[in-house]
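I opened the model today to look up a few side chains and their surroundings. My notes follow in the order in which I looked.

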Amino acid sequence: MKRLLSLTVALMLVAVGSVSTAAEVKSGIEVGERVGAYTVNDCTGPSAGKSLCYRCQYGKRPVVNIFAREMDGNVQELIAKIDEKVGQNRDKKMAAFVVHLTDDADKSSSELKKIADSKKIKNTPLTNFEGQAGPSSYKISKDADITVLMWVNSKVKVNHAFKKGDLSKDKIDTLVNETSKILK
């Protein structure tokens, strides 16, 4: 009986551990909080080759800000779909920008230019930020491979973060649909 009880407790602990690791990672500024200024290196946007603050430039407009540590196929697909959404919502002055968190800005710049060309990104500047931690006031978790923030009037309306490999086609579609929360 003791052996059965010990086995049951051990299995319950494994199950609880599995559930907690499957939970969505928390990263970025919380919904309802205000976004602050930070500087990025523009690689493909209208200010390519310069450092600037897109948060400042976009002001109170509806904005999607994607932070990514790796630019894999799913991240590129998300960027392409958000870029398309921005193009469809010019009348609402929707904007977006992508921030590649990197320790090698030169390599990142080259990679981002190739992605912009291959995915035909026209409305969304691809930028980089030197350092995997990202801007400190944005509280990007080291466990998050991708953090997506959406805001309007400088107030966060949507915040989603994903561990490496967790961004799927369904989640991309959900994120694109959630732009409605900043386009009201």
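**Charge pairs and surroundings**

I began with Glu70, which is partly exposed because its relative accessible area is 33%. I keep in mind that this is a predicted model. Looking for a partner, I found that Glu70 forms a salt bridge with Lys164, with the closest N and O atoms 2.6 Å apart. Glu70 lies in the loop between strand 3 (63-68) and helix 3, and Lys164 in the loop between strand 7 (155-162) and helix 5, so the pair ties together parts that are 94 residues apart in sequence. Lys164 itself is exposed, with a relative accessible area of 57%.

I then searched the whole structure for such pairs and noted 5 salt bridges. One of them joins the side chains of Glu33 and Lys139 at 3.3 Å, N to O. This pair links distant parts of the chain, with Glu33 in the loop between helix 1 (2-22) and strand 1 (40-42), and Lys139 in the loop between strand 5 (126-130) and strand 6, 106 residues apart. I recorded Glu33 as partly exposed at 32% relative accessibility, and Lys139 as partly exposed at 46%.

Another salt bridge brings together the side chains of Lys81 and Asp173 at 3.0 Å, N to O. Here the link runs between helix 3, which holds Lys81, and helix 5, which holds Asp173, 92 residues apart. Lys81 is partly exposed, with a relative accessible area of 28%, and Asp173 is partly exposed as well, at 33%.

Next I looked at Met150, which lies in strand 6 (residues 146-152). Is Met150 buried or exposed? At 0% relative accessibility I count Met150 as buried, because the cut-off for buried is under 20%. Leaving aside residues up to four places away in sequence, Met150 touches several others, including Val63, Val64, Leu175 and Ile182. The C-alpha atoms of Met150 and Ile182 are separated by 6.9 Å, although the two residues are 32 apart along the chain.

I also checked Asn89, placed in the loop between helix 3 (73-88) and strand 4 (95-102). Asn89 is buried, with a relative accessible area of 9%, and, again not counting residues up to four places away, Asn89 touches Met94 and Leu183.

Turning to the surface, I noted a patch of positive charge where Arg34, Lys60, Lys155, Lys157 and Lys184 gather. Lys184 sits in the segment after helix 5 (169-177) and counts as exposed at 87% relative accessibility.

Last, for the whole chain, I wrote down 5 helices and 7 strands, and that 46% of the 184 residues count as buried.

Conventions:
Residues are numbered from 1 along each chain as its sequence is written. This is a predicted model: local features need pLDDT of at least 70, side-chain atom pairs count only at pLDDT 80 or more; totals for chains, interfaces and linings use all residues. Side-chain values use heavy atoms; hydrogens and water are left out. Patches are made of residues with over 30% relative accessible area and no salt bridge: like charges are joined within 9 Å, nonpolar side chains (Val, Leu, Ile, Met, Phe, Trp, Tyr) within 5 Å. Accessible areas come from the Shrake-Rupley method with a 1.4 Å probe; for residues, only the protein chains shown count as cover. A salt bridge is a side-chain nitrogen of Lys or Arg within 4 Å of a carboxyl oxygen of Asp or Glu. Lys and Arg count as positive and Asp and Glu as negative; His and the chain ends are not counted. The place of a charge is taken as NZ of Lys, CZ of Arg, CG of Asp or CD of Glu. Helices (H or I, at least four residues) and strands (E, at least two) are DSSP runs, numbered from the N terminus. Buried means under 20% relative accessible area, exposed over 50%, partly exposed in between (1.4 Å probe, protein chains only). Contact means heavy atoms within 4.5 Å.
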